[in-house]
Amino acid sequence: MTALLRLKDVTRKFGGINAVNGVSLSIEKGEIVSVIGPNGAGKTTLFNLISGFLPVTTGSISVEGRDLAQVPAHKYVQLGIGRTFQNLALFKHGTVVDNILVGRHWQMKTSVIEAALHFGRSRREEIAARERVEEIIEFLEIEHVRDKVVGTLSYGQQKRVELGRALATNPKVLLLDEIVAGMNQEETEDIARFILDIREELGVAILLIEHDMHLVMDISDRVHALNFGRTITEGQPEDVRSHPGVIEAYLGSGGAEQQAGPDHAKATEAAL
Amino acid sequence: MRSGYFKETVAEHINLTDSTLQRIWILIGLIFVVALPFYFGLYGISLITLMAISAIGAMGLNILTGWTGQISLGQTAFMVLGAYAYAISVESWGWPPIIGFALAGIVPAFASVLVGVPSLRLKGLYLAITTLASAFIVNQLVLEFDGLTNGASGIFVNRPTIFGYAFDTDAKLFYLVAFIGLLTVLACLNLRRSRIGRAFIAIRDNDNAARVMGIDLRAYKLYAFMASSFIVGISGALYGIFLSFVTIDGFPLLLAIEALAILIVGGMGSIAGAILGAIFLVGLPEITSAIFGMFGETAKQFLSTGAHEIKGLLYGLVIILFLRLQPHGLMGLWQDAKRAWTLWPLRY
């Protein structure tokens, strides 16, 4: 049985620094896995490796058994890797619809000449793509802003558009990089609901980088903790939360010693 | 504000027009264009022909610079190639003009790959300089292969006869140019609403995100180069026909600057902006001479002796004013006017 997404001893070096060091991780269809760790732990680097922004130094990443090293970066999306960015990366002069339509790009076949004529297949594809985009817009509850230029939208709405754009690529595994950062309680709950719905309805696996521990603990099937590029532990949310290595990473080594009492889990939760 | 219009099917979102009213306006516009030569004398017709040719060239550059965000100063190279492709195939070899026009697009499109490949990783100023170099290279090549191109003395170009119909008067030539212009507008509008146009704009706005969406940056930059050069090449052929003569002196480097100026003044990335900008900048010397005319005989004299310098000066001034005061160009002004009209008498 090959995993949907499998990272095997992945290492990425920047000069002498190991930003990601021997990380192994696998995720199955319909799973929600969170990657946590303090700032600089290598979480975003890990995402950049999976989505093809950076090549791995050693180790391998495979999707359904297919090694990503053999595939050019712009074709990762065809294997089913979709992602959102930590700092928004929308096409800011386009409308919401335009942005999400770009996500349909690889599933359309129209050539330049066909596009210029806008006839037959070109038109059929365009209408089909548009219909799918309308469904996504409805799903994410952003109908009222659909024709607005994304640059004029609020931060929370822009994040939703980015999620919609990633969904439009028809991903098998969705990488969400701090999607609720800077959101208020209500917006965060909306996003949590969307994430669970995406899993339920589309069977998409979700890999989440998140600092919002309530969200992580609530929706994750498994949590993978990193520090200085290395895996500290991986397991059920409750186990990771009370793992001494995780506490040390967040509070420093002194913190871990102090927490050795019976109430350490509670204290860690407060700290996290 | 327009009201009472709504869309029931997805296809209606994709169509270019959405109401009968809009179609009527387009029809009125077309009738106006057809009627233009009846109003103007010979000079006026040649002026509007030049406007139309410039608009075609600007729409071509708009694909590369306005949509894909790749600045190019090499447009004269592709105009020259288009003009020579037409002149050589039609005048020297006696091929039908319709094939000449096709070649005027195809030859620059493939030549642009040669310019495009080395500049794929370049951006901004570096790209501008690389494309500028291509203009010099093409001029040298034209001089070098004088067996084919007749070197510096150029090739005389007749007015074309297409399907037995001779475009032998200035008015008829204008109709030919206007028709090709209309086809260009349609092709650009279609590209704009397709996955190709969206990919171009995605590359301009955020190339990293574009790649994650599965857009092959290198391929699409080359597509943009090719589509742009195809249209620019045809505008070059039309310009050659308009001048009745194709030589490299007919296509000075200033044309490339002029094309960029048209886009800036019209509004980067907008098809209508490219057309408005062309009309405005080509018409600018006429407006100035009309204004100078009001100041009497000496001012007129001054203009006729220093016409070229004054033209250059005006271009510079207009570009600076637009960049400073209205970076979205004439289209930006139009949008502002529309918004003000919708909201009036309220301010926002």
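This is a predicted model: local features need pLDDT of at least 70, side-chain atom pairs count only at pLDDT 80 or more; totals for chains, interfaces and linings use all residues.
The axes of helix H9 (residues 195-205) of chain B and H11(B) cross at roughly 110 degrees and come within 10 Å. Axes here are lines fitted to C-alpha atoms, for helices over the stretch in contact, with angles from 0 to 180 degrees between N-to-C directions. Helices themselves are DSSP runs (H or I, at least four residues), numbered from the N terminus. This crossing is left-handed, meaning the near helix is turned anticlockwise from the far one by less than a right angle; clockwise would be right-handed. On the H9(B) side, B:Ile196, B:Ala199, B:Phe200 and B:Ile203 make the contact, meeting B:Leu217, B:Tyr220, B:Lys221, B:Tyr223 and B:Ala224 of H11(B).

H11(B), which spans residues 217-243, also packs with helix H4 (residues 75-92) of chain B, at about 60 degrees and with axes 7 Å apart. H4(B) and H11(B) are therefore oblique to each other, and their crossing is right-handed. Among the residues in this contact are B:Phe78 and B:Tyr86 of H4(B), and B:Val232 and B:Tyr239 of H11(B). The contact divides into 12 nonpolar, seven polar and no charged residues; Ala, Val, Leu, Ile, Met, Phe, Trp, Tyr, Cys and Pro count as nonpolar, Asp, Glu, Lys and Arg as charged, and the others, Gly among them, as polar.

## Where the chains meet

Between the chains, 33 residues of chain A are in contact with 27 of chain B, where contact means C-beta atoms, placed from the backbone, within 7 Å. H2 (76-79), H3 (96-102), H4 (112-117) and H5 (121-139) of chain A each supply at least two residues to its side. H5(A) gives the most, with six residues. That side of chain A holds 14 nonpolar, 11 polar and eight charged residues.

Residues are numbered from 1 along each chain as its sequence is written, and chains are lettered from A and ligands numbered from 1 in the order written. Chain B has a mean pLDDT (the predictor's confidence in each residue, from 0 to 100) of 88, with 98% of its residues at 70 or more. For the complex, the predictor gives an ipTM of 0.87 and a pTM of 0.89.

Notes:
Two residues are in contact if their C-beta atoms, placed from the backbone, lie within 7 Å. Angles under 35 degrees count as roughly parallel, over 145 as roughly antiparallel, 65 to 115 as roughly perpendicular and the rest as oblique.
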